[in-house]
Amino acid sequence: MKIGIIVAMDRELQQLRQVFAGSDVIVEKCGIGKVNAALGVQRLINEHRPDCVISSGCAGGNGDEVNVQDIVVSTELCYHDVYCGRAEDGGPAYGQVQGLPARFSADPYLLGKARELSQSGDSGVSIHPGLIVTGDWFVDSREKMRSIVEHFPEARAVDMESAAIAHTCYLNQVPFISFRVISDVPLRDTHAQQYHDFWAKVAQESFSTTRAFVERLRA
């Protein structure tokens with residue numbers, strides 16, 4: 001199985017290339033935000049023809065059970081900053097691009113393997129399957145996070161790329177899943193200090209779960 005992993009930032013790229021050193025797993029950077037994510041994964045698909053794509057990197061967490069350094073695995077993905085209005089028949093859902101699914105579902109096989117990893121306890125961290133929402137905001141205040149979870153209270157993670165990568169993979173019919181390390185929980189943190197502490201203290205050990213997932217895929 002040819003596996004492509006895409007990340008947004010240089011520091012995520014450095015961490016994951018260390019994790020997959022000596023491996024044939026393709027790890028590429030797309031840049032921050034939805035447009036960069038879509039362009040980057042399309043380039044990855046065109047150049048490498050992966051059998052599946054994994055979005056990896058960090059995200060803000062949501063929910064009482066979600067903590068810094070936990071992993072959220074996408075069951076579904078959608079945009080938190082898309083609104084196409086209401087038609088007479090009800091129109092698209094909040095977060096839905098008209099003509100596309102209201103939510104992009106993770107590939108069932110990949111999600112099954114992620115659930116196996118979660119249940120096995122082999123990763124050494126808490127893994128939370130759930131909804132990931134994406135938008136072109138860096139969520140650095142409780143107020144921003146509250147405005148997102150007002151529409152998506154069940155969201156377990158908020159990032160700036162995953163739904164756009166899922167959208168592109170959907171159009172290309174490439175199996176997709178997102179593994180996001182929780183770098184901060186904005187509703188518990190006023191000034192994004194958790195996010196900065198994450199990179200200073202714990203990021204280096206946080207991406208090994210993605211490797212454990214890849215090893216399970218190839219077992």
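**A walk through a predicted chain**

Of the 219 residues in the chain, 54% are buried, where buried stands for a relative accessible area under 20%, exposed for one over 50%, and partly exposed for values in between, computed with a 1.4 Å probe on protein chains only. The structure is a predicted model, in which local features need a pLDDT of at least 70 and side-chain atom pairs count only at pLDDT 80 or more, while totals for chains, interfaces and linings use all residues. Residues are numbered from 1 along each chain as its sequence is written, and side-chain values rest on heavy atoms, with hydrogens and water left out.

The chain holds seven helices and eight strands, taken as DSSP runs (H or I over at least four residues for helices, E over at least two for strands) and numbered from the N terminus. Among the contacts with a separation of 6 or more, 78% join residues 24 or more positions apart, a contact being heavy atoms within 4.5 Å. The average pLDDT, which is the predictor's confidence in each residue on a scale from 0 to 100, is 88 for the chain, and 89% of the residues score at least 70. Helix 5 (residues 162–172) has the highest mean among the elements, 98, whereas helix 6 (residues 193–202) has the lowest, 60. Where pLDDT is low, the predicted coordinates should not be read in detail.

Arginine 180 belongs to strand 8 (residues 176–184), and it counts as buried because its relative accessibility is 1%. Its side chain makes a polar contact of 2.8 Å with that of serine 55 and another, of 3.2 Å, with that of serine 162; such a contact is a pair of N or O atoms within 3.5 Å, of which, within protein, one must be able to donate a hydrogen and the other to accept it, and residues adjacent in sequence count only if both atoms are side-chain atoms.

Helix packing comes next. The axes of helix 3 (residues 108–120) and helix 7 (residues 208–218) come within 10 Å and cross at roughly 115 degrees, the axes being lines fitted to C-alpha atoms over the stretch in contact and the angles running from 0 to 180 degrees between N-to-C directions. On the side of helix 3 the contact involves Tyr109, Leu110, Lys113, Ala114, Glu116, Leu117 and Ser120, and on the side of helix 7 Thr209, Ala212, Phe213, Arg216 and Leu217. These residues divide into seven nonpolar, two polar and three charged, with Ala, Val, Leu, Ile, Met, Phe, Trp, Tyr, Cys and Pro counted as nonpolar, Asp, Glu, Lys and Arg as charged, and the others, Gly among them, as polar.

Proline 108, in helix 3, is exposed because its relative accessible area is 66%, and its C-alpha lies 8.7 Å from that of threonine 75, 33 residues away in sequence. Serine 208, in helix 7, is partly exposed at 38%, and its C-alpha is 9.8 Å from that of valine 125, at a sequence separation of 83 residues.

Glutamine 69, in the loop between strand 3 (52–61) and strand 4 (71–79), has a positive phi near 80 degrees although it is not a glycine, and with 23% relative accessible area it is partly exposed. Glutamine 173, in the loop between helix 5 and strand 8, has a positive phi of about 60 degrees and counts as exposed at 74% relative accessibility.
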